[in-house]
Amino acid sequence: IQSKASAAGLPIVDIYSLFEQVSSGGYQEGDFNFTNELLTGGLFSLDGLHFTPRFNAAMANEFLRVIDATYGSNFEEAGKLNDLGDYAVFYPVSLP
């Protein structure tokens, strides 16, 4: 994929490295640290399969940073990255 993207002049967002950070202690963005803990890590929803809205926003920020670096845009500089605090993660206090 990398060679095809490079040949076409397209950037790659390295989500694999992001997950490596999560599994080796956590991925930090702003006030949030995502870990692979099922209920407390902020990464997975209650089904253990899908990501939380907050982590999806964090991944979107990674895309915006790569777009900035590749095309000279200024999403991050202009403060246009997702504010992860806007994406709440709610878990029930107790399950029925």
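Guide: Of the 96 residues in the protein chain, 25% count as buried, where buried means under 20% relative accessible area, exposed over 50% and partly exposed in between, with a 1.4 Å probe and protein chains only. This is a predicted model, in which local features need pLDDT of at least 70, side-chain atom pairs count only at pLDDT 80 or more, and totals for chains, interfaces and linings use all residues. Residues are numbered from 1 along each chain as its sequence is written, and side-chain values use heavy atoms, leaving out hydrogens and water.

Visitor: Which pattern does the protein chain follow along the sequence?

Guide: Helices (H or I, at least four residues) and strands (E, at least two) are DSSP runs, numbered from the N terminus. Here the pattern reads α-α-β-β-α, with three helices and two strands.

Visitor: How far apart are the end C-alpha atoms of helix H3?

Guide: The expected span of a helix is 1.5 Å times one less than its number of residues. Helix H3 (residues 53–71) has 19 residues and should therefore span 27 Å; its end C-alpha atoms are 27 Å apart, which agrees. Just after H3, Gly 72 has a positive phi of about 75°.

Visitor: Which residues of H3 are buried, and what do they pack against?

Guide: An α-helix has 3.6 residues a turn, so residues three or four places apart point the same way. In H3 the buried residues include Phe 55, Met 59 and Leu 64. The buried residues of H3 pack against helix H2 (15–23), strand S1 (27–29) and strand S2 (32–34), a contact being heavy atoms within 4.5 Å.
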